[in-house]
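Visitor: I'm new to looking at protein structures. Could you walk me through a few features?

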Amino acid sequence: MTNSESKPAQKDPHIPESKPAQSPLRQQRRLEKYPYALARYVGQAVAYAAFVALLGYFATAPVYSPVDPEAAMIKLSFIHVGQRKVECRKMSPEEIARLPPNMRLTLDCPRERLPVLVELELDGKLLLRRELVASGLSHDRASSIYQKFVVAPGRHVVTARLRDSARREGFDYTRSTEVELKPRQNFVVDFRAEAGGFIFH
């Protein structure tokens, strides 16, 4: 290369490059988008303001209570294990001999429990009739219930029934009581087989 040949001019890294001028068509398109973008931002602002106002209203509005504050309440709540679905069977000597020494028992007792049938009446009107399936993967654990009933204060007759056996009709436990319910009183219907059945308190 001779000295007469010109070298390409090098760019100064400290001087920013100028951007190419946009075409008039492209500028027009950008200007056309501005109204739509502005409308979108305004719409979002209005939506946010309405949401904040709604939160403020519910924060200061009177509390909604679906239950009469002067009403009484009956609570049916208990945990109970039903009887075995299949009765224990006495094993024969041959069956016992086939078992490992550490598992040799004289009785074969399947673990599955029967469902518990419960009824609750108020003044002769049926409030609840439900079959409570035994809990556990093998249905070998207790059945349970927790149910609330809002009732008017005053004198009432409460009747509770329960069946935990394999009988087809009737109930194994029944109890009825007349009670004077006061406003905002909680009347609990419990069940304890070891105490004789239903307990009202």
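This is a predicted model: local features need pLDDT of at least 70, side-chain atom pairs count only at pLDDT 80 or more; totals for chains, interfaces and linings use all residues.

Visitor: How many aromatic pairs does a search of the whole structure find?

Guide: The search turns up 4 aromatic pairs. Take phenylalanine 78 and phenylalanine 191: their ring centres are 5.8 Å apart and their planes sit at 55°, so this pair counts as tilted. Planes under 30 degrees apart would be stacked, and over 60 edge-to-face.

Visitor: Which parts does that pair tie together?

Guide: Phenylalanine 78 is in strand β1 (residues 72-80) and phenylalanine 191 is in strand β9 (residues 186-192), so the pair ties together parts 113 residues apart in sequence.

Visitor: Okay, what about salt bridges?

Guide: Here's the general idea: side chains of opposite charge can pair when their charged atoms come close. In this model the count is 10 salt bridges. One of them joins lysine 85 to glutamate 112, with the closest N and O atoms 3.5 Å apart. Lysine 85 sits in the loop between β1 and β2 (89-90), while glutamate 112 sits in the loop between β3 (107-108) and β4 (116-122), so to speak 27 residues away.

Visitor: And which residues make the nonpolar surface patch?

Guide: Phe51, Val52 and Leu55 make that patch, which covers about 320 Å². You'll find phenylalanine 51 in helix α1 (residues 24-60).

Visitor: How much space lies in the largest pocket?

Guide: About 180 Å³. Its lining has 5 nonpolar, 1 polar and 4 charged residues. Among the lining residues are Leu114, Glu131, Arg163 and Ser165.

Conventions
Residues are numbered from 1 along each chain as its sequence is written. Side-chain values use heavy atoms; hydrogens and water are left out. On a 1 Å grid over the protein atoms alone, a cavity is a set of points where a 1.4 Å probe fits but cannot get out, and a pocket is an open set with protein on both sides within 12 Å along at least five of seven lines; lining residues have an atom within 4 Å of a point. Grid points are joined across faces, edges and corners, and a volume is the space filled by probe spheres set on the points. Ala, Val, Leu, Ile, Met, Phe, Trp, Tyr, Cys and Pro count as nonpolar, Asp, Glu, Lys and Arg as charged, and the others, Gly among them, as polar. Patches are made of residues with over 30% relative accessible area and no salt bridge: like charges are joined within 9 Å, nonpolar side chains (Val, Leu, Ile, Met, Phe, Trp, Tyr) within 5 Å. Accessible areas come from the Shrake-Rupley method with a 1.4 Å probe; for residues, only the protein chains shown count as cover. A salt bridge is a side-chain nitrogen of Lys or Arg within 4 Å of a carboxyl oxygen of Asp or Glu. Helices (H or I, at least four residues) and strands (E, at least two) are DSSP runs, numbered from the N terminus. Rings of Phe, Tyr and Trp (its six-membered ring) pair if their centres lie within 6.5 Å; planes under 30 degrees apart count as stacked, over 60 as edge-to-face and the rest as tilted.
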